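This report examines selected local features of one protein chain. Please consult the sequence and the structure shown below while reading.

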Amino acid sequence: MSSYIQKKKSPEILIVEDEHDIADLISLHLNDQHYSTTVARDGDKGIELALSKNWDLIILDLRLPGVDGLEICRQVRQNMQYIPILILTSKSSELDRVLGLELGADDYMTKPFSILELVARVKAIFRRVASISNSGSYALVSKKLSLGKIEINEEAREVTIANNSLDLTVKEFELLVHFVKHPGKVFRRSELLNKVWGYGHEGYEHTVNSHINRLRAKIESDPAKPEHIVTVWGVGYKMEMPNLSI
Ligand code: CA
């Protein structure tokens with residue numbers, strides 16, 4: 001047992017946003033929730049600060065003067081330990097790019113957004129991070145999922161198929177977990193968007209298709225004839241029940 005009591009410091013959030021009103025509003029509301037905030041008002045300052053220390057969260061606008069938000073996201077993912085990133089976008093075409101590029105952002109909001117919803121999303125990110133970092137080895141063992149030859153350790157985010165480990169992106173992993181938890185159930189693309197991406201992305205069904213194709217390339221022995229995630233024509237996709245015969 002530690003012999004001293006460490007004072008819990010408030011989470012430090014970096015806000016990279018060139019629109020002053022929006023940055024100040026976010027900052028004000030997060031300060032109200034006892035988060036400590038720092039604002040960078042252009043991309044150059046943003047990237048300098050983002051790479052300067054392990055922030056507890058970065059809220060990142062995509063369109064910035066100087067270095068853009070996508071580049072900042074990429075650099076943080078390449079150079080830093082895991083830092084949660086919440087992306088702000090002003091256009092759905094940008095959102096499409098973010099989803100398509102799989103930059104590993106933790107959440108996205110399109111402008112205009114509700115400040116209360118943003119605060120709720122921030123809290124949700126911190127709850128997720130806390131549950132990951134509080135999980136001990138017992139939890140790691142108990143969090144295993146399996147279906148046929150597919151084994152998933154949700155906490156460690158590891159997947160093996162017939163004992164070969166797979167390298168999946170965040171969304172590929174989440175899609176696979178979703179399917180493995182619901183074997184035999186058919187999901188429409190719009191349902192998968194809601195369940196896996198989390199909220200209304202109407203019109204982004206092709207995002208689901210492209211992720212399924214990439215996932216198949218990794219988990220199927222012949223992606224042209226999938227045995228795990230199969231297409232249900234005119235409806236969507238389902239995870240086949242494993243063959244239980246011996
Ligand atoms: Ca902007």
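## Helix 1 and the residue after it

Directly after helix 1, His34 adopts a positive phi of about 70°; helices (H or I, at least four residues) and strands (E, at least two) are DSSP runs, numbered from the N terminus. The model is predicted, so local features need pLDDT of at least 70 and side-chain atom pairs count only at pLDDT 80 or more, while totals for chains, interfaces and linings use all residues. Residues are numbered from 1 along each chain as its sequence is written, and side-chain values use heavy atoms, with hydrogens and water left out.

Within helix 1, Ala23, Ile26, Ser27 and Leu30 are buried (buried means under 20% relative accessible area, exposed over 50%, partly exposed in between, with a 1.4 Å probe and protein chains only). Viewed down the axis of helix 1, the buried residues fall within an arc of 100°, so they line one face of the helix; the arc is that of the directions from the helix axis to the C-beta atoms. An α-helix has 3.6 residues a turn, so residues three or four places apart point the same way. On the other side of helix 1, Asp21, Leu28 and Asp32 are exposed.

## Strands 6 and 7

Strand 6 (residues 144–147) and strand 7 (residues 150–153) run antiparallel and are joined by four bridges; two strands pair if DSSP finds at least two bridges between them. Lys144 stands opposite Asn153 in strand 7. In this hairpin, which has two residues between the strands, Gly148 takes a positive phi near 60°.
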